[in-house]
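The sequence and the structure are shown first, and a description follows.

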Amino acid sequence: MKFFHSIRWRLQLWHGLLLALVLAGFGFTAWRLRRTDELRRIEQELELRIGAVVGATRPGGGNPGHPPPEAFPPPYPTEVLLQERDVRLFEGASDRTFYYIVWLPGGRELSRSTSAPPHLPCPDRIAKPHNARLRGSLRECFHFSPQGVCILVGQDIHQELADMRRFGWLLAGAGGLVLLLGLTGGWWVSARTLRPIEDISATAARISSGDLTQRISTAEFESELGQLAGVLNCTFARLDAAFAEQARFTADAAHELRTPVTVMLTHAQNGLDSPCANEEHREAFEASKRAAQRMRHLIESLLTLARLDSGEAAALRAPCDLDRIANEAVELLRPLAQKQTLTLEIESTPIRCGGNAEQLGQLVTNLVSNAIYFNRPGGSVQVKVTAEPGAAILIVRDTGQGIAAEDLPHILERFYRGDKVRSSAAGRTGLGLAIAKAIVEAHGGTIEVATEWGRGSTFTVRLPGLSHSPKP
């Protein structure tokens, strides 16, 4: 189960087990001591009455007032005559009544009290002269004389047993209450102890999603975790500074390269338009123009990524119609699909989402153009805009060769080119899908890729939806 992998649950189970064992051991020991003391007290009362019965047992021809010094020399006793003071030992309240029975050797009953239960078995003679036994609710002590005469005295102790059971349940209830309080306190302590780890994990998750400005609060961390939080904050700050510097460098470099690329394009176009240029010069100017255009496309892509990394998409969000944006992008790319002899189809449902309309248009354009460039002649590209509860869905499906299994995990990375997938698309920068991924993540959505080698690929984008647009 999942909670067995939780540190909090492991600590709680371990503390609970130790506390339960301690409480169980303490409760059982207390109950055993109480039971032993109670049975010892009862046995002392029974031993006192055994002595009275021994003194009242008369051998044949003996003097009733003077019992023999050794119980019982031959001839065997023939009667039991209790003195008046001893009779009171066996005449108490009904629930405290004691009883006695005397057996001669061989198990023949000599005498019994009126309160003795019927069909009482004679105990077996063992090595110890004084013994005790518990039969149901009857506690009995018995004594064997050297000649084999057995005297048994007993008492119904159901009240004492009930008291001991109540005491046991009282201990169990108190132990359960202490266990509950201990588990509650342990949960509270473990929660406070592990709260810094949860804060660290939450902050790290927000940072991994792209928000490098997040920091771990160290106000309440005065333990070793506080030191760890401080070290992580320093690490995050350095990462934030490094990424910010990288983004600034990318944006600055792209801006600086715009001017010379524009100059190169201008001069190449002027050379192509010059009447003095011969065929060789025109070929050189055309090659320069193509290279400059490709460089300009790369620069624009780098600027787009720099703006997305800086969080501009979140600042420019507004409600927009994803179906309208997708239809406009498809119509813009339809001539390109016709040039590649492809069928370009779109199926849309009115759906609104919050985002940057320009960037969402670029998202659709990148995905559809990617499906066109990496398709097969005579194939098709299908675009679908639909809705799910709380989400706007964009699906772009092509009938190209597909994506190789080794390329699939990297297909959305920047500048990545799979040899089997992109070898036919000369001039591509490898940033189209990376920009699409950055746009989706900047809008709080997800992008998934499904592919089947030799049959095509499907890109599925899920964006947070607002509500359905009114139908025209």
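Which residue takes a positive phi in the hairpin of β6 and β7? That residue is G148, with a phi near 100°, and the hairpin has 5 residues between its strands.

## Basis of the description

This is a predicted model, in which local features need pLDDT of at least 70 and side-chain atom pairs count only at pLDDT 80 or more, while totals for chains, interfaces and linings use all residues. Residues are numbered from 1 along each chain as its sequence is written, and side-chain values use heavy atoms, with hydrogens and water left out.

Helices (H or I, at least four residues) and strands (E, at least two) are DSSP runs, numbered from the N terminus.

Buried means under 20% relative accessible area, exposed over 50%, and partly exposed in between (1.4 Å probe, protein chains only).

Two strands pair if DSSP finds at least two bridges between them. Strand β7 pairs in the antiparallel sense with β6 (residues 138–144) over 7 bridges, and with β3 (residues 98–103), also antiparallel, over 6 bridges. In β7, V153 is the bridge partner of Y100, and G154 stands opposite E140.

## Salt bridges

The structure holds 15 salt bridges, each defined as a side-chain nitrogen of Lys or Arg within 4 Å of a carboxyl oxygen of Asp or Glu. One of them joins E140 to R133, with the closest N and O atoms 2.6 Å apart; both residues are buried.

Another links R166 and D163, whose closest N and O atoms are 2.0 Å apart. Both lie in helix α3 (residues 158–208), 3 residues apart, about one turn of the helix. R166 is partly exposed at 48% relative accessible area, and D163 is partly exposed at 26%.

R462 forms a salt bridge with E388, at 3.8 Å between the closest N and O atoms. R462 belongs to strand β14 (residues 456–464) and E388 to strand β11 (residues 380–388), so the pair ties together parts that are 74 residues apart in sequence.

Helix α10 (residues 432–442) is mostly covered, with 8 of its 11 residues buried; among them are L433, I435 and V440. Just after α10, G444 takes a positive phi of about 75°.

H443 lies in the loop between α10 and β13 (446–452). At 2% relative accessibility, H443 counts as buried.
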